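Hello,

Here is the structure I promised to hand over. My notes follow it.

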Amino acid sequence: MDVDLICPGLYCGKQIKESGNDSQLQYGDCGVCPRGERSDALKICRKCEELPELYDWLYLGFMAVLPLVLHWFFIEWYSGKKRFVSLRTWNVNHSVIYY
């Protein structure tokens with residue numbers, strides 16, 4: 001492996017350039033891999049073809065639910081009702097969105 005192929009850093013890689021001569025691959029400069037690609041062990045950008053793992057799905061679910069819960073919280077906070085709302089009542093009121 002050639003030393004100039006390795007990019008420093010965790011999130012960068014070299015893109016493979018299209019060339020007329022298919023016998024030798026040409027690499028671009030070090031940079032961020034395009035969307036849908038990630039760098040491999042040789043720091044070359046490759047297309048992602050694997051399915052998301054469990055923690056990827058958990059992260060996506062958390063990021064989908066967090067704005068919803070924050071939205072509900074601030075609706076209650078700024079609604080003008082300064083009464084204590086129990087967690088059970090709050091869950092019943094806002095669980096309607098799931099049905």
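First, a definition: surface patches are made of residues with over 30% relative accessible area and no salt bridge, with like charges joined within 9 Å and nonpolar side chains (Val, Leu, Ile, Met, Phe, Trp, Tyr) within 5 Å. A salt bridge is a side-chain nitrogen of Lys or Arg within 4 Å of a carboxyl oxygen of Asp or Glu.

This is a predicted model, where local features need pLDDT of at least 70, side-chain atom pairs count only at pLDDT 80 or more, and totals for chains, interfaces and linings use all residues. Residues are numbered from 1 along each chain as its sequence is written, and side-chain values use heavy atoms, leaving out hydrogens and water.

**Negative patch.** E49, E50, E53 and D56 form a patch of negative charge on the surface. E50 sits in the loop between β4 (45-47) and α1.

**Nonpolar patch.** Residues including W57, F62, F73, F74, W77 and Y78 make a nonpolar surface patch of about 1200 Å². W77 belongs to helix α1 (residues 54-77).

**Aromatic rings.** The whole structure holds three aromatic pairs (ring centres within 6.5 Å; planes under 30 degrees apart are stacked, over 60 edge-to-face, the rest tilted). F73 and F74 are edge-to-face, because their planes stand at 80°, with centres 5.0 Å apart. F74 and Y78 are stacked, at 6.2 Å centre to centre and 20° between the planes. Ring pairs join F73, F74, W77 and Y78 into a cluster.

Best wishes

Notes:
Accessible areas come from the Shrake-Rupley method with a 1.4 Å probe; for residues, only the protein chains shown count as cover. Helices (H or I, at least four residues) and strands (E, at least two) are DSSP runs, numbered from the N terminus. Lys and Arg count as positive and Asp and Glu as negative; His and the chain ends are not counted. The place of a charge is taken as NZ of Lys, CZ of Arg, CG of Asp or CD of Glu. Rings of Phe, Tyr and Trp (its six-membered ring) pair if their centres lie within 6.5 Å; planes under 30 degrees apart count as stacked, over 60 as edge-to-face and the rest as tilted.
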